[in-house]
Amino acid sequence: MSSPHLTQLRKWMLESPPVEWGINQVRELLIGAMRQGPIPQHIAFVMDGNRRFARSHKIETVEGHNLGFEALARILEVCYKSGVKVVTVYAFSIENFKRSKYEVDALMEMAKIKLFQLAQHGELLDRYGASVRVLGQRELVKEDVLEAIDKAVELTKHNGDCALNICFPYTSRDEITTAIRNTVEDYSKPLAAHARPFSQTRITQKIRSRNLSTSPLRASSPTPSSTSDVDDSISSSTTLNPESPPTDSRENAVYPDPETITSETIGGHIFTANDPPLDLLIRTSGVKRLSDFMLWQCHEDTEIVFLDCLWPEFDLWNFLPVLVEWQWRQKHIEDKSSVAGVKSLKTKIR
């Protein structure tokens, strides 16, 4: 029997009611078993391989993307049912605007349709209390697609148990640039009527300056530098520029100290600032690169997995081994932490 006939027979058998019921039962048992162990709270997917799937199956590229959306719906249910709180998907890169106008327009149209479907028939999202959030540059999107985005966000905003982050259109470099720009804007706004926050570096410099000015070696013959140190200490506590009197109210304004900017400050302006840390990032299609996705969110404990299957083929049976391996590693980390804690306690007792 030829391969196409075997494929059709296999599909028919899998879709027959008894076999489908049995597969669903096994599926529920596996998901229930996974819930007994640690579950990643934030998973990201690079949904790669839709076009290659379309070419290999001799179908339209748009149909490949459509099948990719169906794969997303399948895997979302598995994630939320397993206990994952946040799913972030790379739906459309800013770089994708370089593709043909036909494909870009088709993707935008499909996004509009699917977002309307999510909003109007989002039983899956409502069932698990998942809200839709679209992360990216809104100004690059057409008005009709923006309308679909806003409607999906508005109709699911009451859901607070889980979240679906759709990165569209997005790149990580643009996200980080936006976060830095917003941080600069915040630090360019005058503070309320209270003193400038203390700077540890500034305090250290002043203490050293005062110690030098009062040391025995310099007490007998004060030098111009010591005088300038003291003068600088006094002037810096009153105004940033004492030589030039203020000409308007902005001259007297007090601004946040840029020395207080940390990675947490920038992280607070990242699109996923209020989400759990990224536990697991999965990319399909066998390509082993991040493609400018979630670069800030990837940290020392993020597990990054590259799979050979194409995204429309991705399902529970591809996802399960990844989750099991992640759980095993988490258990190993927890065991090592427990042993280290016991050893530390024994040392203290001795």
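Let's start in the loop between β5 and β6, where Ser 291 is found. Ser 291 is partly exposed, at a relative accessible area of 28%. This is a predicted model, and in it the phi of Ser 291 is near 55°, a positive value in a residue other than glycine.

Ser 285 also has its place in the loop between β5 (280–283) and β6. Its phi is positive too, at about 85°, although Ser 285 is not a glycine. Is Ser 285 buried or exposed? With a relative accessibility of 6%, Ser 285 counts as buried.

## The chain as a whole

Stepping back, the secondary structure of the chain comes to 13 helices and six strands. The chain has 350 residues, and buried residues make up 38% of them. Take the contacts between residues at least 6 apart in sequence: 80% of these join residues at least 24 apart.

## The sheet

Six strands form an open sheet with parallel pairing, in the order β3-β4-β2-β1-β5-β6. The edges are held by β3 (130–135) and β6 (303–306), and each has a single partner strand, so one side of each is left without a neighbour in the sheet. From one strand to the next, the twist averages 15°.

Strand β2 (residues 86–90) runs parallel to strand β4 (residues 162–167), and five bridges link the pair. Within this pairing, Thr 88 stands opposite Asn 165 in β4. For orientation, strands of a sheet pair through backbone hydrogen bonds, either parallel or antiparallel.

## Asp 275 and its partners

Asn 165 turns up again in the surroundings of Asp 275. Asp 275 lies in the loop between α12 (263–267) and β5, and at 14% relative accessibility it counts as buried. Which side chains does the side chain of Asp 275 meet in polar contacts? One is the side chain of Arg 133, at 2.5 Å, and another is the side chain of Asn 165, at 2.9 Å.

Setting aside residues up to four places away in sequence, Asp 275 touches His 42, Val 86, Arg 133 and Asn 165.

Ser 93 is found in the loop between β2 and α5 (101–120). Ser 93 counts as buried, with 10% relative accessibility. A polar atom of its side chain lies 3.0 Å from the backbone nitrogen of Glu 95. Beyond its neighbours within four places in sequence, Ser 93 is in contact with Tyr 170 and Thr 171.

The loop between β4 and α8 (172–187) holds Pro 169. Here there is a feature to look at in the backbone: the peptide bond from Phe 168 to Pro 169 is cis, with omega near -25°.

## Helices and what they touch

Helix α2 (residues 17–34) packs against helix α4 (residues 61–82) at an angle of about 45°, and their axes are 9 Å apart. That makes α2 oblique to α4. On the α2 side, the contact is made by Arg 27, Glu 28, Ile 31 and Met 34, while α4 brings Arg 74, Glu 77, Val 78, Lys 81 and Ser 82.

In helix α8 you will find Ala 179, which is buried with a relative accessible area of 0%. Leaving out neighbours within four places in sequence, Ala 179 is in contact with Ile 266, His 269 and Ile 270. The C-alpha atom of Ala 179 is separated by 8.0 Å from that of Phe 271, although the two residues are 92 residues apart along the chain.

## Cysteines

How many disulfides does a search of the whole structure find? The search finds zero. Cys 79 is an example to check by hand: the closest cysteine sulfur to its own is in Cys 162, at 9.8 Å, which is too far for a bond. The cut-off behind this reasoning is that the two sulfur atoms must be within 2.5 Å. Cys 79 is also buried, with a relative accessible area of 0%.

How values were computed
Residues numbered from 1 in each chain as written. Predicted model: local features only at pLDDT ≥ 70, side-chain atom pairs only at ≥ 80, totals over all residues. Heavy atoms only, no water. Pairing = 2+ DSSP bridges. Helix = DSSP H or I, 4+ residues; strand = E, 2+ residues; numbered from the N terminus. Axes fitted to C-alpha atoms, helices over the stretch in contact; angles between N-to-C directions. Buried < 20%, exposed > 50% of the residue type's maximum accessible area, 1.4 Å probe, protein only. Polar contact = N/O pair within 3.5 Å; in protein donor to acceptor, adjacent residues only side chain to side chain. Contact = heavy atoms within 4.5 Å. Parallel < 35°, antiparallel > 145°, perpendicular 65-115°, else oblique.
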